[in-house]
Structure formats: C-alpha cells, structure tokens
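Please keep the viewer open as you read.

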Amino acid sequence: MFTRSFHSFFKVQLVVVSLFGLLISAPVGLFSEPYGMAGCGLGSMVPVWKNDIGQVLAATTNGSLSSQTFGITSGTSNCTTDGIVRADRAQEVFVTYNEGPLELETTRGNGERIQAIASLLGCPTHSNELGKLMKEKHSFIFDHSKDTESSVRSKIILSRLKAKIAEDSGLKQACLY
C-alpha cells in the first residue's frame with residue numbers, strides 16, 4: 001500500500017516538474033527573433049530547421065538539452081549574453097548584402113556603407129581613416145580572382161579587411177573587430 005502511493009506521488013511530481021520546465025523554457029525561445037521563434041542554442045545551428053516544423057524541433061532540442069541556457073551564459077551556439085546577434089555574424093551579413101555598393105564606395109574612400117562597416121567593426125569615429133585604408137587596399141580586399149559564393153566571399157572580404165586593419169597602427173587601436 002505504501003509503495004503504491006509513493007509511486008503515484010512520484011509520478012505526479014514528475015509530471016509537475018516536467019510541465020514547469022516546459023513553461024519556464026518556452027518564453028525564452030519565443031522572443032529570440034534573429035534565429036527564428038526557437039531562439040539561439042544548438043537547435044539554431046541546424047540550417048534545415050528554419051521552417052515551422054524545424055523550429056519546433058529546434059525549440060525541443062534547446063529545451064531538452066538546456067543548450068539555450070548554456071549558450072546564453074557562455075556566448076556560444078549563436079547566443080550572446082546581451083541577446084544581440086554576434087558582431088562577426090552581423091559584419092558578414094552586412095558585407096553579403098552590401099558587397100557591390102561597399103566596393104563602389106571603397107573606390108572613393110567614403111560613403112555611408114563605409115561608415116556602417118566602421119560601426120560594425122567597433123570604430124565608428126574612425127570611418128574616414130577606414131575609408132582611406134579601404135581605398136588604398138581596394139584591390140586586395142575585393143580581389144575577384146576566385147569565383148566563390150557570396151556567403152564565403154563576404155568572409156574572405158572581412159578577413160582581408162581585418163588583416164589590413166591589424167597592420168594599421170591607428171585603426172588597430174581604435175577598432176574592436
């Protein structure tokens with residue numbers, strides 16, 4: 001008799017704790033827009049999970065493994081501690097969608113996209129210096145010798161730009177990239 005009531009009590013506790021865990025973890029994923037409704041975490045790192053059903057799987061993965069909580073506290077798994085998209089990812093997205101106009105502005109050494117990339121690199125007050133550097137190193141930064149897809153190309157452009165910033169004593173100190 002005692003054993004039977006203990007097992008029933010244990011089952012009820014298990015159900016309550018499970019429901020409580022689901023209720024606590026659900027709102028976290030609902031408001032993380034950059035990665036869909038499921039939010040950041042291991043589930044956000046699976047590219048095929050961007051549709052509606054995939055978001056359910058992503059949320060389940062994030063909740064089940066507590067990867068979202070770990071990612072938020074450690075800044076991994078597409079999460080940051082402030083809830084903002086990681087700077088390097090924002091830089092890549094910007095270059096991907098603005099490559100042509102940015103390259104054109106680079107030939108002149110100034111423009112609003114150069115100001116924007118300076119802000120994304122952490123040196124918004126040094127956009128003139130960055131524009132000058134980008135103009136001088138234009139052929140290296142935007143080298144078209146290899147055909148690559150835009151997402152890979154944006155990484156190459158950024159890495160070349162950051163390499164040139166690292167060689168410049170003033171910008172190296174000013175930019176946080």
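## Ground rules

Contact here means heavy atoms within 4.5 Å. Helices (H or I, at least four residues) are DSSP runs, numbered from the N terminus.

This is a predicted model, in which local features need pLDDT of at least 70, side-chain atom pairs count only at pLDDT 80 or more, and totals for chains, interfaces and linings use all residues. Residues are numbered from 1 along each chain as its sequence is written, and side-chain values use heavy atoms, with hydrogens and water left out.

## Helices H5 and H6

From H5, the residues Ile 114, Gln 115, Ile 117 and Ala 118 meet Ser 127, Leu 130, Gly 131 and Met 134 of H6. H5 and H6 pack at about 110 degrees, their axes 9 Å apart (axes are lines fitted to C-alpha atoms over the stretch in contact, with angles from 0 to 180 degrees between N-to-C directions). That makes H5 roughly perpendicular to H6, a label covering 65 to 115 degrees.

## The disulfide

The structure has one disulfide, that is, a pair of cysteine sulfur atoms within 2.5 Å. Cys 123 is joined to Cys 175, with S to S at 2.0 Å. Cys 123 sits in the loop between H5 (112-120) and H6 (127-136), and Cys 175 in the segment after helix H9 (169-174), so the pair ties together parts 52 residues apart in sequence.

The torsion about the S-S bond of Cys 123 and Cys 175 is about 70 degrees, so this disulfide is right-handed. Both Cys 123 and Cys 175 are buried (under 20% relative accessible area, 1.4 Å probe, protein chains only).

## Charges over a ring

Which ring lies under the charged end of Arg 160? The ring is that of Phe 140, whose centre is 5.6 Å away. The charged end of Lys 164 also sits over the ring of Phe 140, 4.7 Å from its centre. A charge counts as over a ring if NZ of Lys or CZ of Arg is within 6 Å of the ring centre and within 35 degrees of the ring normal.

Note on methods
Helices (H or I, at least four residues) and strands (E, at least two) are DSSP runs, numbered from the N terminus. Buried means under 20% relative accessible area, exposed over 50%, partly exposed in between (1.4 Å probe, protein chains only). Angles under 35 degrees count as roughly parallel, over 145 as roughly antiparallel, 65 to 115 as roughly perpendicular and the rest as oblique.
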